Amino acid sequence: MKKIVSSIFLVFVCLNTYSQTVDPLDKFIGTWRWVNGNDTMVIFLKKETMVEVHNIVVLKGYNKYIKNGVVQQSTFPSNFNSNNSFNDTYFNLTNRDDSNLNKVSGIIGDYQNNKSVSLTLNYISATAINFIVTPMSGFHVNGIPGPIKLPSDIILIKQ
Amino acid sequence: MCKTIIKYIIYTNVIIAFFICNFSCRKLDKSTELESINKFNAIEAKEWWYGVFKKSTEYSTIDENATNVRMIKKMTKLNNIQFSNNRMPIWSKAISYSVGKFECVEFPLAYGHKVTIIDGEKNLTTEQKYKLVDTKLEKVVLIKQPNGKIEVRIVSILPKYAYALDMNFDISNNQTNYIDPTFKGIIQVRKWSETIIHTKEIVNNKVVKIIKDKLQKTNNKDALSRDATDATCPEGQNCPNGGYWQSFFTHVCENNNYSSGDVVVVVGCLHSSLNTYVCDYWQCNSEGDDDEDEDETPIDCTTNVLPYEECMCAYYDLNYCSDNGDDGNDDDNDNDDPCATANDLKSDTLKNTQAIKNLRDSAVNGKTETSHFYVKDASGDFNDVSHINGKYDVLGIDFPIPPGIGFDGLWHNHFDKAGALNMYSSGDMVSLMALFTNGNMTNSNDFFLGLTTQLDDSYLLTIEDTAKFRLYTNRFPGLDPVNMINNQDKLDLAMVYVYKIKSGVSKDENEKRMAQYLNNENTGLKLMKADLNQNKFSKIDYDKDLNKITITPCN
């Protein structure tokens with residue numbers, strides 16, 4: 001009986017420790033790709049601290065969107081190296097909904113329309129995430145009227 | 001369904017402009033349609049120039065304190081020649097474009113006396129500096145506002161030598177509506193009177209320096225300005241009243257023929273040596289033949305060369321704007337009472353009941369974000385001069401930054417939709433900073449950014465402390481689209497993730513969080529809340545110690 005209680009206690013401690021150390025952002029780290037015919041969306045996410053915004057830990061990322069075989073926008077630097085510090089990344093995602101740790105969101109540039117749009121990534125499994133972009137309230141300085149040029153509600157596969 | 005379609009058509013196609021409205025909304029709609037058919041073009045611009053502008057006081061008014069005027073006068077006096085203020089657009093080389101509902105026509109601008117001040121570039125030879133003078137572009141832009149009013153702005157585009165060299169001394173690919181992404185140099189915007197609105201150094205689409213134009217304030221020549229030839233310029237050392245000493249190369253190009261009247265137009269200059277100066281210019285008809293087509297024939301001429309080195313106090317800062325320009329971002333008027341703006345607004349807003357009613361109705365029952373633009377008239381009343389609509393059932397308003405246009409306020413709405421905010425968004429905040437930095441606030445101390453939410457609550461943001469707001473704005477530099485998006489990204493993280501100002505949160509909580517953000521981040525902004533009639537405003541302050549807000553009604 002004593003052994004059983006000890007085992008249960010040990011499992012509880014382990015689980016508790018695990019839940020404290022595993023960051024919900026971690027499962028989004030890496031390269032993700034969506035391909036549909038000649039259309040491709042690639043994003044690369046890495047966890048870093050944003051010193052300029054209260055030292056919060058975010059997923060910093062680059063993205064590249066190809067439509068009909070033509071690059072529509074790419075924020076990957078020419079000398080991209082995943083090991084370098086991402087000082088000039090073009091979107092930063094965080095978990096903004098405490099009740100759903102499988103969701104990260106933030107802003108991404110719809111550069112073809114010169115404006116910011118809201119980006120949400122929903123974790124589906126270790127190999128798949130859902131990529132959704134939506135318009136945002138308020139002014140879009142220099143924004144070009146028209147529908148968002150980035151694809152939305154697509155499934156990206158872990159590379 | 002039918003109603004929805006009609007709403008859609010109205011909201012997505014009509015941007016109404018009117019000035020001190022005596023017109024009905026129906027009339028405005030029609031006039032806007034007519035304007036959209038008759039796009040402002042070079043012909044209309046020229047007709048307005050000679051029919052209206054040349055007869056106006058504005059045309060003949062010159063700012064004696066403007067740096068360019070002061071420098072030309074100084075050097076014409078030194079060289080014992082008569083000062084000329086003759087300037088004329090080169091009508092045959094027009095470029096037309098639109099920025100939102102602002103229609104612009106750009107012409108090269110010819111000067112009787114053209115001044116060029118080269119800042120820095122210390123390693124250049126005098127010949128190389130002359131090449132820069134040749135390469136510089138002078139433009140005049142006629143900007144037709146949605147209400148039909150036309151503003152005149154002069155734009156100088158002076159490249160850095162390295163960029164000019166890369167471009168083989170031809171930077172004509174740069175226009176007022178398009179700056180080459182690799183451009184490096186100075187862009188200055190002035191009124192027709194030559195009063196400087198702003199002077200910015202641009203590097204690869206980023207504003208890296210804004211030059212505070214205090215050169216014209218050098219009343220005490222011995223203390224603040226002296227000839228470099230008279231004494232070695234103490235480069236980099238502090239000036240008595242701020243700034244630091246720097247040597248400027250100043251050059252005035254004179255065309256004797258053009259100086260005597262609108263006869264000859266200089267379009268470019270070539271220098272063969274320090275003392276011999278050759279201009280290419282085009283012979284034009286005299287002013288009396290304005291309505292006839294010009295017979296432009298290139299001929300050669302020799303004019304005077306007036307190079308000059310001067311040691312002056314320079315005032316530089318990022319996002320540091322002119323005290324004398326239109327931006328009104330004057331630190332001297334800090335700590336304004338936000339209630340003064342709110343009190344001015346409340347009575348005037350009632351005059352525009354229909355506009356505000358429409359905006360509120362659109363927020364609560366509609367599906368379109370709308371923004372109204374306000375301009376103060378001579379009596380100090382805020383007037384609703386135009387409005388712009390977002391797309392039907394799409395959050396957000398796409399908002400171009402108008403070049404050289406000043407406003408006194410914007411009032412917009414957030415309508416009810418999933419993800420919509422009942423508080424100011426990061427996009428609103430970035431826009432406020434962009435209008436400030438770009439000189440679109442006629443007077444930053446009186447400027448307001450209004451918001452009516454889907455819950456029919458109305459808020460105002462006003463600049464309570466300009467110096468603080470400038471420092472806050474400096475944290476988000478750059479007005480190009482990429483920088484604006486990146487800045488909004490950082491701002492959004494702070495507002496949404498750190499301060500939790502987000503959709504799905506009660507209005508009371510978001511009010512508190514917004515006030516907390518404005519206070520803790522030293523924004524210099526004040527949040528105010530209006531009653532349902534927009535007739536009574538209260539200041540919302542955040543008490544850090546008690547972690548709560550205090551609401552103080554304006555008297």
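The largest nonpolar core holds 66 residues, and those touching the most other members are B:Y424, B:M429, B:L461, B:L491, B:M514 and B:Y517; a nonpolar core here is a set of buried Ala, Val, Leu, Ile, Met, Phe, Trp, Tyr and Cys residues joined through side-chain atoms within 4.5 Å. Helix α12 (residues 426-437) of chain B gives the most to this core, contributing seven residues. This is a predicted model, in which local features need pLDDT of at least 70 and side-chain atom pairs count only at pLDDT 80 or more, while totals for chains, interfaces and linings use all residues. Residues are numbered from 1 along each chain as its sequence is written, chains are lettered from A and ligands numbered from 1 in the order in which they are written, and side-chain values use heavy atoms, with hydrogens and water left out.

**Cores and burial**
- Leaving aside neighbours within four places in sequence, B:Y517 is in contact (heavy atoms within 4.5 Å) with B:M429, B:Y472, B:L491, B:A494, B:M495, B:Y499, B:I501 and B:T523.
- B:C104 is buried, with a relative accessible area of 0%, where buried means under 20% relative accessible area, exposed over 50% and partly exposed in between (1.4 Å probe, protein chains only).

**Helix packing**
- α12(B) packs against helix α13 (residues 466-474) of chain B at an angle of about 110°, with their axes 10 Å apart; helices (H or I, at least four residues) and strands (E, at least two) are DSSP runs, numbered from the N terminus.
- The contact is made by B:M429, B:L432, B:M433, B:F436 and B:T437 of α12(B) and by B:T466, B:F469, B:R470, B:Y472 and B:T473 of α13(B).

**Disulfide**
- A disulfide, meaning a pair of cysteine sulfur atoms within 2.5 Å, joins B:C339 to B:C554 with an S to S distance of 1.9 Å, and the count over all chains comes to one.
- B:C339 lies in helix α10 (residues 338-351) of chain B and B:C554 in the segment after β24 (548-553) of chain B, so the pair ties together parts that are 215 residues apart in sequence.
- Both B:C339 and B:C554 are buried, and their link is left-handed, with -75° about the S-S bond.

**Sheet**
- Eight strands of chain B form an open sheet of mixed pairing in the order β17-β16-β19-β20-β21-β22-β23-β24, where two strands pair if DSSP finds at least two bridges between them.
- β17 (382-389) and β24 of chain B stand at the edges, each with a single partner strand, so one side of each is left without a neighbour in the sheet.

Terms used
Axes are lines fitted to C-alpha atoms, for helices over the stretch in contact, and angles run from 0 to 180 degrees between N-to-C directions.
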